[in-house]
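Let's take a walk through this protein together, going from strands to helices to the packing between them. Please keep the 3D view open as you read.

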Amino acid sequence: MEPLHPLYHHYLDVLDVAFQPIVDIHSGAIFGVEALLRGTDTLGFETIFSFFDRLYEENILYSFDLRLREKVIEKFCLIEGYENLKLFYNLDNRVLEMTDFSKGNTFRLLERYNLDPKAIVFELSEHNEILNIDHFTKLMHHYGDEGFCIAIDDFGIGQSGYKLLYHCTPNIIKIDRFFLTDIDKDPKKKLLARNMVQLSTLLGCRVVAEGVETERELLVCKEIGCHMVQGYFIQRPTLECSLIAKKYLLSGNNLVEEKRSLGNQKIILKRLEPLKSIMITDSMDTLLDLLNEKGTYLVPVVDGAMHPLGIIHEHQLKAIACSPYGRSLTQNRSSNLSTLETYIEPIPVVDLTMPLEIMIELFSLSQNAPGVLVVESSRYIGYLSAREMIEVVHERNLIRARDENPLTRLPGNFRINEYIAYVIESGTDAAVVYFDFDHFKPYNDYYGFRNGDRVILLFAELMQKVLCNDYFKGHIGGDDFFVGAILDETQTFEKVCGEIEQLIAAFSDEVKAFYEPSDRERGFILGEDREGNKREFKLLGVSAVVVRMGRGESITSSEHLQRTFAMEKKTAKKSPNHMSIIGY
């Protein structure tokens with residue numbers, strides 16, 4: 001390595017490295033950190049890009065970058081638990097053009113710090129225009145062949161992104177923040193990002209949602225199937241290694257959603273096949289021995305941190321296994337047959353806590369995959385075949401069918417009680433609402449149970465129409481309903497109360513169509529009360545008890561909440577707006 005001019009040694013002394021965590025989008029467990037250069041402004045450069053442009057113009061980009069890598073790796077090793085993390089390092093795609101470029105330097109550097117090559121993720125960006133796609137893919141192949149992980153950064157904004165995916169499949173795709181900013185408010189961005197995630201997953205790539213700044217952006221990224229997340233919402237870049245945590249609490253919504261999905265997780269775990277995995281650094285002999293074990297036809301391949309890299313199917317090795325010289329060929333280091341990478345096939349990777357619908361969607365889009373690899377906190381835990389996936393869906397649907405109200409198809413008491421219990425346990429700021437019809441029994445007696453069912457269905461339909469998808473909606477039974485909403489800066493308690501009032505008014509207005517014209521005009525029907533006495537009953541309506549939960553509120557148990565609903569129901573029915581609000 002040629003010596004640097006003293007000026008550039010000064011540059012290295014001034015520059016510092018900040019780290020920003022990249023975490024599992026489901027569990028919040030840290031996956032790795034991205035190294036971000038700091039101090040180029042102190043050196044008089046307007047941007048980091050202009051700094052690297054100068055190095056390129058001076059023809060010292062590669063030699064300087066090698067020394068910068070060592071500075072970054074040295075600081076990375078100060079992070080607690082760095083042995084189990086990946087270091088994302090931004091690589092200028094012009095280094096291959098430097099006259100002093102040579103192979104093996106990074107590998108020797110890692111040996112000095114006792115790091116596995118798979119611990120390094122080289123981020124290649126489309127920021128600098130890719131004039132020669134062959135040159136760029138050569139760079140990807142160079143570092144990929146040396147055993148490093150490759151990520152495409154800023155995916156989606158350049159002209160060559162999809163062409164790169166075709167020529168050389170990276171390990172990781174980082175979706176540019178342009179597509180993720182306000183993704184919760186922009187259906188077009190959501191559609192484009194979802195397609196990027198699906199395509200990347202089918203090619204065996206892990207997907208990082210980059211630049212996420214709000215909880216709602218995070219939740220949409222999780223919904224569309226992103227594996228990991230990075231951005232200010234998780235943590236801003238920090239110069240202090242001690243501030244990098246092992247796990248991050250992503251959001252209150254996640255706590256509730258994940259615990260609601262525990263039932264699905266139990267079904268999946270019951271049917272999960274714990275196939276023995278093989279390390280990417282293991283020998284071909286180890287692989288062949290594993291495939292010779294009875295019943296083994298598929299081998300998941302993982303790196304040192306148990307992150308899945310793909311699968312090796314027995315059909316890939318039949319010719320070698322059956323050949324008398326097969327093992328000898330695999331031991332020839334100059335042959336491609338001697339490395340596991342030659343035989344790895346992509347397969348969708350799904351998280352145990354991922355919604356079952358997304359798992360099915362990702363699998364169904366993959367034509368050749370025999371199943372999916374399942375991870376927990378990004379670590380491989382087992383394999384789910386196509387057949388077992390069908391069984392999981394069938395069992396989940398049976399459980400849902402048992403709990404769903406047969407008339408409205410809304411979740412029943414089991415899931416309602418589960419929702420309430422976890423809102424209380426997690427201390428989540430939430431609003432829960434109990435609905436009870438006014439004068440339903442007289443109406444049911446007078447017009448018959450079929451019309452009574454039609455009125456119940458009307459209310460269920462209005463719930464779906466007036467209240468957005470952020471609400472949990474349940475049917476307790478008969479004319480009793482339940483609604484829950486997680487509160488945040490946009491979904492406030494005041495907003496929830498306003499929407500409940502709209503729902504009450506909408507029902508009172510539309511239910512009039514279920515009366516005979518004479519009864520509707522009169523404004524009441526004649527019926528019998530519970531004691532058998534004839535009396536007038538007003539037209540149908542609905543009353544609601546709205547209770548704020550969490551964050552210092554007094555209700556701390558399901559039993560207490562049920563007593564509150566029962567007591568406040570009478571107050572709500574006497575109220576002009578048919579509402580009783582607790583904790584406003």
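Leu 91 sits across from Leu 124 of strand E4. Strands and helices here are DSSP runs, numbered from the N terminus, with at least two residues (E) for a strand and at least four (H or I) for a helix. Before going on, please note that this is a predicted model, in which local features need pLDDT of at least 70 and side-chain atom pairs count only at pLDDT 80 or more, while totals for chains, interfaces and linings use all residues. Residues are numbered from 1 along each chain as its sequence is written, and side-chain values use heavy atoms, with hydrogens and water left out.

Strand E3 (residues 86-91) runs parallel to strand E4 (residues 120-125), and five bridges link them; two strands count as paired if DSSP finds at least two bridges between them. Both belong to a closed barrel of eight strands, E1-E2-E3-E4-E5-E6-E7-E8, whose pairing is mixed. From one strand to the next, the twist averages 30°. Helix H7 (residues 187-202) packs on this sheet, where it touches strand E5 (149-155), strand E6 (172-175) and strand E7 (206-210), and its direction makes about 175° with that of E6. For such angles, axes are lines fitted to C-alpha atoms, for helices over the stretch in contact, and values run from 0 to 180 degrees between N-to-C directions.

E6 and E7 are themselves parallel neighbours, joined by four bridges, and Lys 174 has Val 208 in E7 as its bridge partner. Is E7 covered or open? It is mostly covered, with five of its five residues buried, where buried means under 20% relative accessible area, exposed over 50% and partly exposed in between (1.4 Å probe, protein chains only). In a regular strand, side chains alternate between the two faces of the sheet. In E7, Arg 206, Val 208 and Glu 210 point one way, while Val 207 and Ala 209 point the other way.

After H8 comes Gly 225, with a positive phi near 105°.

Now for the nonpolar packing. A nonpolar core is a set of buried Ala, Val, Leu, Ile, Met, Phe, Trp, Tyr and Cys residues joined through side-chain atoms within 4.5 Å. The largest one holds 77 residues, and Phe 19, Phe 51, Phe 64, Phe 76, Ile 79, Leu 87 and Tyr 143 touch the most other members. Helix H3 (residues 61-76) supplies the largest share of this core, eight residues. Apart from this core lies another, of 40 residues, including Leu 410, Met 463, Ile 525 and Val 546. Contact here means heavy atoms within 4.5 Å.

Next, look at the open sheet of three strands, ordered E9-E10-E11 with mixed pairing. Strand E9 (278-279) and strand E11 (308-313) stand at its edges with a single partner strand each, so one side of each has no neighbour in the sheet. E9 pairs in the parallel sense with strand E10 (residues 298-302) over two bridges, and Met 279 stands opposite Val 302 in E10. Helix H11 (residues 284-292) lies across E9, E10 and E11, at about 145° to E10.

Finally, consider a helix pair. Helix H17 (residues 440-447) and helix H18 (residues 449-466) have axes that come within 6 Å and cross at roughly 135°. H17 and H18 are therefore oblique to each other; angles under 35 degrees count as roughly parallel, over 145 as roughly antiparallel, 65 to 115 as roughly perpendicular and the rest as oblique. Phe 440, Tyr 443, Asn 444 and Tyr 447 of H17 meet Phe 449, Asn 451, Gly 452, Val 455 and Ile 456 of H18.
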